[in-house]
Amino acid sequence: MTVLEHTPTNPAEASTLRALEAEAIEIIREVVAEFDRPALLFSGGKDSAVLLHVALKALAPAPLPITLLHVDTGHNLPEVIAFRDEVVARHGLRLHVAAVEDWIADGRLTERPDGTRNPLQTVPLVDTIAEQKFDALLGGARRDEDRARAKERIFSVRNALGGWDPRNQRPELWNVYNGRHAPGENTRVFPLSNWTELDIWRYIEAENVALPPIYFAHDREVFERDGMWLTSGPWFGPRPDEKVVTKSVRYRTVGDGSCTGAVESSARTTAEIIAEVAASHLTERGATRADDRLSEAAMEDRKREGYF
């Protein structure tokens, strides 16, 4: 049984977190045992921060034998990039950055008219997997985020182009994970699949996991678009009819600044965020990610093409 650093006072919550952590540790150890060149997708967001924390715990005291990979859109908020680099330096980790800007510069990608780069991450991801010969990628995706992620297996085999076939997935009976793959294929692995956003925050509190400051309420200049509060940056906005105002906000998820919105909030501590999330009826992606609002199948369409 794993031991949480700060056991929650609620026994049921503590038991749930121990079980989730134990499952994630088992999955991570299975990846290290089965694969030759695993990588861990690390954006500096809360889910990847929790995943990295569990991975370090799973393999301690040995150094982490996994490369961190970040597909950087170039439109990330500076606080998140600073946090990413600080974590890498603190733990002495290997980080490989696939910058979307490089693919745009050499013509492999074209800037979108709407300025968002989130959909442009797929090609750099698939190219980098092939170039670096990564055979497994650990990601922090959870089933409660989106219906496409809800139907994906913990070990998700992708073809040579990174494509995912939701109708042709391997069974995972009795938590038996099959990592076998043909040359050119790779496996996406999601150790946090069975966690919820609330579980993530309770674990962050119990384990004192460090996060970028934008997850906590702070005063920020924002403008409203499509019901979301966006930050000005090197993307399109604000438009002439979009007024910039100062509000107390926080981010529930991080990503491309052109499509990731903040929510109005006064929650400045982890305990206050837990109370706020517990009362929410929308997942963080449903509430703050414009790219997931394009269609009901937006996430599944991108995953079929090789997205996370």
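Select arginine 202 and glutamate 13: their side chains form a salt bridge, with the closest N and O atoms 3.2 Å apart. A salt bridge here is a side-chain nitrogen of Lys or Arg within 4 Å of a carboxyl oxygen of Asp or Glu. Arginine 202 sits in helix α7 and glutamate 13 in helix α1 (residues 11-34), so this pair ties together parts that are 189 residues apart in sequence. Helices (H or I, at least four residues) and strands (E, at least two) are DSSP runs, numbered from the N terminus.

Before moving on, please note that this is a predicted model: local features need pLDDT of at least 70, side-chain atom pairs count only at pLDDT 80 or more, and totals for chains, interfaces and linings use all residues. Residues are numbered from 1 along each chain as its sequence is written, and side-chain values use heavy atoms, leaving out hydrogens and water.

Buried means under 20% relative accessible area, exposed over 50%, and partly exposed in between (1.4 Å probe, protein chains only).

## Stop two: lysine 57 and its partners

Next, select lysine 57. Which residues does lysine 57 meet in salt bridges? One is glutamate 21, with the closest N and O atoms 2.8 Å apart. That pair links distant parts of the chain, with lysine 57 in helix α2 and glutamate 21 in helix α1, 36 residues apart. Another is glutamate 207, at 2.9 Å from N to O. Here helix α2 is linked to helix α7, and the two residues are 150 apart.

Is each of these residues buried or exposed? Lysine 57 is partly exposed at 28%, whereas glutamate 21 is buried at 0% and glutamate 207 is buried at 1%.

The structure holds 22 salt bridges. To see some that share partners, select Lys46, Asp47, Arg142 and Asp144, which are joined into one network.

## Stop three: two crossing helices

Show residues 46-59 (α2) and 197-207 (α7) as cartoons. Their axes come within 11 Å and cross at roughly 55 degrees. That makes α2 oblique to α7; angles under 35 degrees count as roughly parallel, over 145 as roughly antiparallel, 65 to 115 as roughly perpendicular and the rest as oblique. Axes are lines fitted to C-alpha atoms, for helices over the stretch in contact, and angles run from 0 to 180 degrees between N-to-C directions.

Stay with α7. Nine of its eleven residues are buried, so α7 is largely enclosed by the rest of the structure. Among the buried ones are Leu198, Ile200, Trp201 and Tyr203. Just after α7, look at asparagine 208, which takes a positive phi of about 55 degrees.

## Stop four: helix α5

Move to residues 122-132, helix α5, where the buried residues include Pro124, Leu125, Val126 and Ile129. Lysine 133 follows α5 and has a positive phi, near 60 degrees.

## Last stop: a patch on the surface

Finally, select Leu173, Trp174 and Val176. Together they form a nonpolar patch on the surface, with about 410 Å² of accessible area. Patches are made of residues with over 30% relative accessible area and no salt bridge; like charges are joined within 9 Å, nonpolar side chains (Val, Leu, Ile, Met, Phe, Trp, Tyr) within 5 Å. Accessible areas come from the Shrake-Rupley method with a 1.4 Å probe, and for residues only the protein chains shown count as cover. Tryptophan 174 lies in the loop between β5 (155-158) and β6 (186-189), and tryptophan 174 is exposed at 78% relative accessible area.
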